[in-house]
Amino acid sequence: MKRRGVLLIVSGPSGAGKGTLVRAYVDSREDVYLSVSATTRSPRAGEVDGTSYHFTSYEQFMDMVNEGQLLEWAEYCGNCYGTPKAAIEQMLAEGKDVILEIDVQGAMKIRSKMPEGVFIFVLPPSMEVLKQRLIGRESESNTSVIARLKRAQTEFLLIDKYNYVLVNDTIEQAISDLDGILRAEKCRIERNKNIIQEVCGDVISFN
Ligand code: ADP
Ligand code: 5GP
């Protein structure tokens, strides 16, 4: 029987580098799928519909919600964001690992539905670096930078609900840490019951 894939949920304040990190990681791994969320926010320069996000109108987004197409959804700084359900279930069943890059509210909803998920909180090395990264990305107005920095403070309150913290100082180190987490998770006893039973036989019984 094929081993089910690992579901990784990555959150953290806007500008911490989550997108950069998970994109670089999945680009180097064929067996890891990055979920593409739906959002009502407008595309930033360089963002591609269907790859960065599924960009939708508010009405289209609400249709997806009402039709039960989303695993979770949340409002973040004035826009709606949600995780399409079907693709994730298919990938996990095929044994592929799946990364969701979502905000803390969405992560907490997934945590109650899928507690086997691996919850990772990405931090910047300092708040000053976070601010500089948000400004340097040139994607936000001054007001939006301030809103996102303020939002970071409420996100930090939920950090103890996560399994891992990953400080994104250099991107190389962050990628290596993410890879380390996934590799360790794949070796967990709970995820390897079939092979254990196959090798050890009737001596072992899982309750
Ligand atoms: P998030 O997805 O968390 O909002 P991004 O991935 O968009 O953050 O990164 C925010 C900005 O910081 C981008 O301009 C990105 O190029 C930059 N960045 C991300 N990680 C690093 C890093 N380790 N070192 C320096 N700059 C980084
Ligand atoms: P951004 O506008 O910077 O791309 O994303 C803003 C926030 O929305 C980030 O914290 C990002 O992780 C989160 N986000 C992206 N997709 C989803 C999603 O599908 N669900 C939820 N709950 N949050 C999401």
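A polar contact, as I use it here, is a pair of N or O atoms within 3.5 Å; within protein, one must be able to donate a hydrogen and the other to accept it, and residues adjacent in sequence count only if both atoms are side-chain atoms.

Ground rules: this is a predicted model, with pLDDT of at least 70 needed for local features and 80 or more for side-chain atom pairs, while totals for chains, interfaces and linings use all residues. Residues are numbered from 1 along each chain as its sequence is written, chains are lettered from A and ligands numbered from 1 in the order written, and side-chain values use heavy atoms, with hydrogens and water left out.

**Ligand 1**

I started with the surroundings of ligand 1 and found 14 residues (a heavy atom within 4 Å counts). The closest are Gly-15, Lys-18, Thr-20, Arg-137 and Asn-168.

Next I looked up polar contacts. Lys-18 puts a polar side-chain atom 2.8 Å from an oxygen of ligand 1. Asn-168 has a polar side-chain atom 2.8 Å from a nitrogen of ligand 1. A polar backbone atom of Ala-16 is 3.3 Å from a ligand 1 oxygen. On its own, ligand 1 has 570 Å² of accessible area (Shrake-Rupley, 1.4 Å probe), and the protein covers 72% of that.

**Ligand 2**

Then I moved to ligand 2, which has 16 residues around it. Ser-37, Arg-41, Tyr-53, Tyr-81 and Asp-103 are the closest.

Asp-103 also shows up in the contacts: a side-chain N or O atom of Asp-103 is 2.7 Å from a nitrogen of ligand 2. For the ligand 2 oxygens, I noted a side-chain N or O atom of Arg-148 at 2.8 Å and one of Thr-83 at 3.3 Å. How much of the 510 Å² of accessible area that ligand 2 has on its own does the protein cover? I read 96%.

Strands β5 (70-76) and β6 (79-84) are the elements that give two or more residues to the ligand 2 shell. I sorted that shell into five nonpolar, four polar and seven charged residues.

Methods: Helix = DSSP H or I, 4+ residues; strand = E, 2+ residues; numbered from the N terminus. Nonpolar A, V, L, I, M, F, W, Y, C, P; charged D, E, K, R; others polar.
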